[in-house]
Amino acid sequence: MAISALIILILAASPLAAQEPPTTEGVALEPQGPPPAPPTNVVAKDNPNDKGGIINITWERSADDGVGANDVTGYEILKSKEKDGVYEYIGGAAPGATFFSDSNVRNKVNYFYKVRAVSPFGSSESLPSVAASSRVQWFNFSRLTLFLLSAIIALAIFYFISKAKGGRQLYIRRIAGLEAVDDAVGRATEMGRKIFFIPGIMDMDSMQTIAGVTILGRVARLAAEYEAKLEVPVSRSLVMVTCREVVKEAYLNAGRPDAYNDNMVYYLTDDQFGYAAALDGLFLRERPAAVFLQGQFYAESLILAETANSVGSIQIAGTAMPSQLPFFVAACDYTLIGEELFAASAYLSKDPKLLGSLKGQDLGKFIFLLVILVGVLFITLNSLVGLNLPNLAKIF
Amino acid sequence: MRREVPLVLTAIVGLTMIISHFIPPLNMLKDLFEDWFFIIAAFAIYLGILNLIRINADKVYKKRSDWPFGVVVILGFLLITIPGLFFSGGRSFSDLGTPFYYLYDHVYYPLSATMFALLAFFVASASYRAFRARNVEATMLLVAAFILMLGRVPIGDMITAWLPEGYRMGNAADWIMDFPQTAGQRAIMIGIALGVVSSALRVILGLERAMGGE
Amino acid sequence: MDQGHQEEEKSFWEKLLSIDRRIIFLFITVAVAVPLFFRLSLHIAVTPVAEGVYQAVQSLPAGSKVLVSFDYDPGSMPELQPMAEAFFRQAFRNDLKVIIMGLWPQGPLQANMALEEVFKDKDIAAKNLKYGVDYVNLGYTAGNEVVIDRMGHSFEESYPKDAYGTPIGEIPLMRGVRNYDNIDLIFNLSAGYPGTQEWVQYGVDVFHVKLAAGNTAVQAPSMYPYVQTGQLSGVLGGMKGGAEYETLLGIPGRAVRYMFSQAVSHAVICLFIIIGNLAYFSLRRRRKSQMEVQG
Amino acid sequence: MSSELIGVWIGAFLTLGIFSFLYKDNPFYKFSEALFVGVSAGYWFVVTFWQYFLPKLIDNLVLAYTVLTSQGRVDYHWVYLLGGGLGVLMLLRLFPTVGWLSRWSLAFIVGTTAGLQFTRYLESNGIKQVQGTILPLIVGGSLNTTVGNIVIVVGTFCGLIYFFFSKEHKGAFGGAARVGVWFLMITFGALFGYTVMSRMSLLIGRMDYLFQIWLGLY
C-alpha cells in the first residue's frame, strides 16, 4: 500500500505524466485503481468588462484532487456548441485549478463546457455547463472608481481654470526656493557672472521638461530686467527650439528684445554622459553665479550639482525624479520636490490655466486625504469596538 | 497648420487613450496607437542618431578641434551597426555567439558599465565636498542615509553590537525602509500621480504654452 | 585660544576641504579593491522583504510553474546576476517548473548565463533537468508593459515561439499554460523601465497574479509601498539583496563575497561626509565669530 | 589567443580608458568616450531596427501587401502606413525648412503618453496607494505593527499636506506640512543610501572584472 502510494506520488509529480497528450481510452500504464471522481458544478460565464471574445469556466475540484485518492494529474476542458453534441478538447489546467478562460469564442454564440479530471488510471467527465455566450460590454465597471475620480478631477480643473480666467485671484502658497530666484539673478548681475539654466536631459514629451521650460520663461524675464547674462545649454534639438522661443518672448516682454540673441540657447549633445561632461567643463570655466537645474534628471544630477557647488554657484534645483532628489536636496541651495516643480511653473507664470489646474490637483489631494482619514477611522473603530463600518479600501 | 494640427492630434489621441481605458470595444484603437507609438519612437531614436552622425561628420569635415574623435564616433557606430544588421542572423541578432553579441559583450558593456561605475567616485567626492547638514531637513536626510548605508552592511550591526538583538543598526534600517520611507514614497507617488494627471489634461486640451498651446 | 592657534586651525580645515579630489578617488579605489582579495565570512542580516521573496518561492509545491521575467541588461549584472542564480538554485532545488521571458532585449541572455552557472552545481546537475520539460526560455518580445497586458489573455499571442523558434504549443512545459491563471508565481528581475512597477500596474493590479521581485538598489526603495500593500510579496534590493538571498538559501556565492568591499566603501563614504561636515561647521563658526567682530 | 580572450583584453583596455578620466582628461579617455558614444548609438540603431521598425511596421505592411496580392482586398493593416508616415515626419527635423512638420509626430507621442499615463498613474500610484494607507491604527497584540501603521498613516497624510498648494502652511496645517517634510527627508536619505549602494556595486563589478576575469589575480 505504501509503495503504491509512493508510485502514485512519483507519477503525479513526474512531468511526463502531466504532459501526456489527452487520451480518453485510458493510459499506457496498467490501471491500478479506479478513475478519479469527476469535477462538479461547472459554470461558464462571459468574462466581464471586455469587448467579448472570452468565456470563463469555473468548476469544483474532483474529490480525488488533493484529497481522496489524490491522484488527479490535471484537468481537461472540453467545449461544444450543442449540449449533447461532440465535445472538443480546448486546453488543460493543473491539479488544484478551478478556473480556465476560453478566448477562442465568437460573441453571442452559445457554448457548452465540460471539465474532465485525469489521473494515471483514467479520466471522468463532469456534466455539461449551462449555455454561455460572450458579449460586448460598453463600460468597464471594474474601473468605475477610477472613472469617477478622473471625471471629478477633470471637471474641477476646468472649473478652476475658468474661474482664474475670469480674473479671480487664486491663492498659491509660498514655495521655498522661488523667492531665491530673484536673489540668484540679482547676484549674477552684481558679480557680472553668468546664469546657467539646465532644463533636464529629456525631450519635450516629458511633463517635467515642460515645467522646466515654463520656469525658464520667468528666469529669462528677470535676467532681461536685471541685465544678467543667461545661457541655456540643452541636450535635445526640440528643447532648443522651444527654449529659444520662450527666452525670446521673455526678453520682448521685458522690453529688451535687443539684448536677446539665439546663441543664448544652444545644443550640446543628446548623449547623457557627454552632456554631463560638457556642462561640467562649462561650469568649471565660467564659474556661473547661479545654476538652475529644472526638469527631468537621471544619474548625471549628482555630477552637475557637485561641480556647480564646487565653483560656488547658487543652485536652485527641481525635479520629479525621486531617486535624484536626494542629491539635489543635499548639494543645492534650494530644491523643488516632485509636485512642487509643477506648482512652481504655475506660481511663476501666474498663468490662470496653470493656477487653475493646480487647484484641481489640490482637490484631488483633498479627496485622497478625506478617504484616508475616514477609511482609517472606520477600520480602526471596527477592530477596536467591533463596529461593522464599511472598509473603504475595498470600496474606493 | 503649424500650430493647429499638432494640438488637434494630441487631443484626439490623448482622449482616445483615456476613453478606451473605460470602453472595452475601443481597446483595438488603443492597441493600434500603441503600435504606432513604437514606430514613431523608433524614428525618434533614428533622428537622434542621424543628428549625432551629422554633427560628428561636420566636425571631421571642418577639422574642428578634436576632430579625430569624431572619426572614432562614426567608426564606433559602423563597427556595431554593420555586423548587427547584416551578419548576426537577422532577428535573432542578440543571441549568444553572434558578432553583435560579441561586440556588445566586449565593447558596449564594459564602456557603459564603467561610465556608471565612475559615479561611485563622484558620489564619494560629492559626499566630501557638497553634502552638508546645512539645516534640519538636510540633517535628517544625512542621518537616515547614514543608518541605511551602515545598517545594510555588516558594519552597522558590528558597531551597535552592544545593543540587544532586534534594536541594532540593521533593524533600524529595516524599520526606516518599512515605515517612514514607505510613507514618504507614498506621499511623493500620490503627489506625482496628481501632477501627471493635471499636466496630461493640460497637454491634451492644448493649454500648455510650451507645447504650442494658447 | 590665541589668534595664532585659531589661524592654524582654520587653515587646516580649509586645506582639508580643498584637497585634490583625486585623493578622494584613490581612497575609494583602495576601499573597493583591497577587500576583494579577502575571503571573509561576514554575517549577512536578512531583511523581512527579502525573506518575503524566499518564502514566496519556498511555499510553492513541487511542480508549480514560475514565470520569471528578466528585465535588465549586463549594465546591472553585479547587482542582479547573483539574484538570478540564487533564484534558479532555489527553484530547481524545489522542483519548480521555470518559464523564462524578458521585456529587455538582453534579459533572456542573462538568464542563459545564470543557468549555465547554476548547472555547474552538482546537486542540480544530478537532477538532469530537461529543456522544455523543466524550464523553457521564451525569449524577448518588444512592447514593454503592453506585453504584460496582452499576456494576461494569452501567452501565445506575445510569445508564439520560444527563444529557439519552437512553437510553444509543442513545448511540453507550456501545455496547459494559457495565461497568468496557470502561473503560480511571477519573479521579476528589474533594472528600470519596463520592470517591477509595470508588472505591478499591469500584471498584479489587473490579473491578480502573485509577484516577487529583485531590483537594483536605486529602484528598490520605490517598491516598498507595493510590498506594504501586498501588491508585491517581497523585494531583493541590490547586491545586498542578492547576498541575503544567498544566505537564506545557505549557498553563499558572489554577492556574499562582494559584501566586504561594499561594507568598506560605505564606511569610507560615511567618513567623508563626517569630515566634510566637521570642516563645514568649524569654518562656519569661524565666519560667524568674525562677523560679530566686524559688526 | 581565443576570440573570447581578445574580447576580455578589449574590455579591460576600454574599462581602463574610461577610468583614466579620474586622473585627468586625456586622449585615451577621449577615445574611449567617443567610441562609447558611437557604439551606443549603433547599438540602439540595431535594436530598434530589429525589434520595433521591422516587426511593428514592415511586417504589418508586408502582411497588408500579401493580402492585397493574394486575395485582392484592401486589408486593415494598411493603417500602419499612417504610423510609418508620422515616423518619417519625425526625421524632417533634420531639414530646417520643413522641420516644423516633426511637431506632428511629436504631438502623437505626447498625446499617447499623456493619455496612457493619465489613467495608469491615477490608478496605480493614486487609488492603490490610498487603499494601502487605510490601516487600523491600533492592532491588538502587536506593538510593532501598531507603531508601524501609525507611522505610515501619519507620514502619508502629512506628506500629502506638504504638497497642498492652495492653503498657507500656518498653524496646525503648517505643523503637519513640516512633519511631512521630515518624512520626505527620511525617504530621500534612504534613497541616497541605496543609490550609494548601487553605484558601489557597479564599481565592485568592474574591479572584479579587471582583477579576476582579466588578470586572474584570485
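In this predicted model, V30(C) is partly exposed, with a relative accessible area of 45%. That value lies between the two limits that matter here, because buried means under 20% and exposed means over 50%. The residue belongs to helix α2 of chain C, a helix that covers residues 21-36.

V30(C) also takes part in a nonpolar patch on the surface. From chain C, the patch includes L26(C), V30(C), V34(C), F37(C), F38(C) and L40(C), while chain D contributes L215(D) and L217(D). Together, these residues present about 730 Å² of accessible area.

The overall dimensions of chain D come next. The C-alpha trace spans about 70 × 65 × 45 Å along its principal axes. The radius of gyration of chain D is 28 Å, whereas a compact globule of 218 residues would have a value near 17 Å. As for contacts within chain D, among those with a separation of 6 or more, 20% join residues 24 or more positions apart.

Finally, burial and surface can be considered for chain D. Of its 218 residues, 62% count as buried. The accessible surface of the chain amounts to about 8300 Å², and carbon and sulfur atoms account for 71% of that area.

How values were computed: Residues numbered from 1 in each chain as written. Chains lettered and ligands numbered in written order. Predicted model: local features only at pLDDT ≥ 70, side-chain atom pairs only at ≥ 80, totals over all residues. Heavy atoms only, no water. Patch = residues over 30% accessible without salt bridge, like charges linked within 9 Å, V, L, I, M, F, W, Y side chains within 5 Å. Areas by Shrake-Rupley, 256 points an atom, 1.4 Å probe, with all protein chains shown as cover. Salt bridge = Lys/Arg side-chain N within 4 Å of Asp/Glu carboxyl O. Helix = DSSP H or I, 4+ residues; strand = E, 2+ residues; numbered from the N terminus. Buried < 20%, exposed > 50% of the residue type's maximum accessible area, 1.4 Å probe, protein only. Rg over C-alpha atoms; globule rule 2.2 N^0.38 Å. Contact = heavy atoms within 4.5 Å.
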